[in-house]
Amino acid sequence: MSSRRAFQTAYRLALSTTLLMFGLMVIGSVVRTTGAGLACPDWPLCQGRLIPPLRFDVLIEWFHRLVALLVSLLLFATAGWILTHRELRARLGGLALLGIVLLAAQVLLGALTVWKLLDPNVVAGHLGVALLLFSTLLVLTLVARGEAEPEPVRPTRPAGLLPVFGVAALLTYGQALLGGMVSANGAGLACPDWPTCNGEWFPSLHGPVGLQMTHRYGAYALGAMMLFTAMRARLALDGGARRAGLAALALTVVQVMLGVANVLLGVPWWLSAAHLATAVTILALLITAAYRTAILPASERALAVAVPT
């Protein structure tokens, strides 16, 4: 098999795993908001069975575990394919092994979520590692695609654009993790109104109210960062980076609207799932834009800054 065909297979496997991981996180949000986290009070079985009783909350949690198993199998298949091909191992081996390590941590945190009776710190950690695993799988997919389908010579990147995408991605990760903490601690309705909180513009930042308001302030800061990112991305000659910056800004506006709707409608499970799905999509856009920018040759201005004469 040619090297390019081997990379194409790795790309398809990694893409399938990434998409399934995205679905797994959305299902996990449904598990949290429907209160189905302890519908299976044991692990790895569900109520002592492989196939649990046909009850709605039980089936939600059981389906979440089933999809997690499929993600695990696909990731092992992807890593196995990469590690058994020398050319792939040299380029993708580190990312594949990192994915396996994060998967092991994620499985352990999933079990602890049940054993510790939905301890908020464990639940938030579970989401945090899931986002890291998703990000790793996405980068693996992007690198494999780049090797399988090399792009023609592309323009140079504007000086300073890569750090902007990187900071925006980190802030998005932090905001998504903070949202998970709000949900895990039952603080989603600590402020049942918007833009005020219990009628106050600047409430005391303690307990659930503090978590909710910190999440709101983070959303406002992220919105400002996305506006700055989109403005900087307009300078990029690479069309993918420009479109990603604008799309991230547009989705951030949608995300704020979904957050407000969650508060005003009492955090329905479907809206909460859409909120998380949008957050992960924004993260994916920014990581993709950062990757596309990173592989561009540096502009003469950027080189002059990096290596002063």
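**Entry 1**

I began with L118, which counts as partly exposed because its relative accessibility is 32%. My bands for this are buried under 20% relative accessible area, exposed over 50% and partly exposed in between, with a 1.4 Å probe and protein chains only. I note that the model is a predicted one, with local features taken at pLDDT of at least 70, side-chain atom pairs only at pLDDT 80 or more, and totals for chains, interfaces and linings over all residues. Residues are numbered from 1 along each chain as its sequence is written, and side-chain values use heavy atoms, leaving out hydrogens and water.

L118 is not a glycine, yet its phi is positive, about 65°. I found L118 in the loop between α3 and α4. The helices in these notes are DSSP runs (H or I, at least four residues; strands are E, at least two), numbered from the N terminus.

I then looked up V267, in the loop between α7 and α8. V267 also has a positive phi, about 55°, and is not a glycine. With 25% relative accessibility, V267 counts as partly exposed.

How far apart are the end C-alpha atoms of α1? They are 45 Å apart, and this agrees with the 45 Å that its 31 residues should span at 1.5 Å a residue. I took the expected span as 1.5 Å times one less than the number of residues. After α1 comes G35, with a positive phi near 70°.

For α3, I noted 30 residues and 41 Å from first C-alpha to last, close to the expected 44 Å. On which residue is the kink in α3 centred? The kink is centred on L92 and comes to about 70°. The bend at a residue is the angle between axes fitted to the seven residues ending there and the seven starting there. Just after α3, L117 has a positive phi of about 55°.

**Entry 1: cis peptide bonds**

The bond from W43 to P44 is cis, with omega near 10°, and P44 sits in the loop between α1 and α2. The bond from W194 to P195 is cis as well, its omega being near 10°. P195 belongs to the loop between α5 and α6.

**Entry 2: salt bridges**

How many salt bridges are there? I get four, counting a side-chain nitrogen of Lys or Arg within 4 Å of a carboxyl oxygen of Asp or Glu.

R91 and E147 join in a salt bridge at 2.7 Å, N to O. This pair links distant parts of the chain, with R91 in helix α3 and E147 in helix α4, 56 residues apart. R91 is partly exposed at 42%, and E147 is partly exposed at 30%.

R55 and D57 form a salt bridge at 2.8 Å, N to O. R55 has 43% relative accessibility and is partly exposed, while D57 is partly exposed at 24%.

In the salt bridge of E149 with R145, the closest N and O atoms are 3.7 Å apart. E149 is partly exposed at 41%, as is R145 at 43%.

**Entry 3: pockets**

Rolling a probe the size of a water molecule over the atoms shows where empty space is left. The search runs on a 1 Å grid over the protein atoms alone: a pocket is an open set of points where a 1.4 Å probe fits, with protein on both sides within 12 Å along at least five of seven lines, whereas in a cavity the probe cannot get out; lining residues have an atom within 4 Å of a point. Points are joined across faces, edges and corners, and a volume is the space filled by probe spheres set on them.

The largest pocket has a volume of about 950 Å³. It is lined by 41 residues, and the closest to its centre are E61, H64, R65, A68 and H126. Which element gives the largest share of this lining? That is α2, with ten residues. By class, the lining of the largest pocket has 27 nonpolar, ten polar and four charged residues. I counted Ala, Val, Leu, Ile, Met, Phe, Trp, Tyr, Cys and Pro as nonpolar, Asp, Glu, Lys and Arg as charged, and the others, Gly among them, as polar.

The second largest pocket has a volume of about 700 Å³. Of its 34 lining residues, the closest to the centre are G179, H215, G259, N262 and H275. At least two lining residues come from each of α1, α5, α6 (207-233), α7 (239-265) and α8 (269-294). The lining of the second largest pocket divides into 15 nonpolar, 17 polar and two charged residues.
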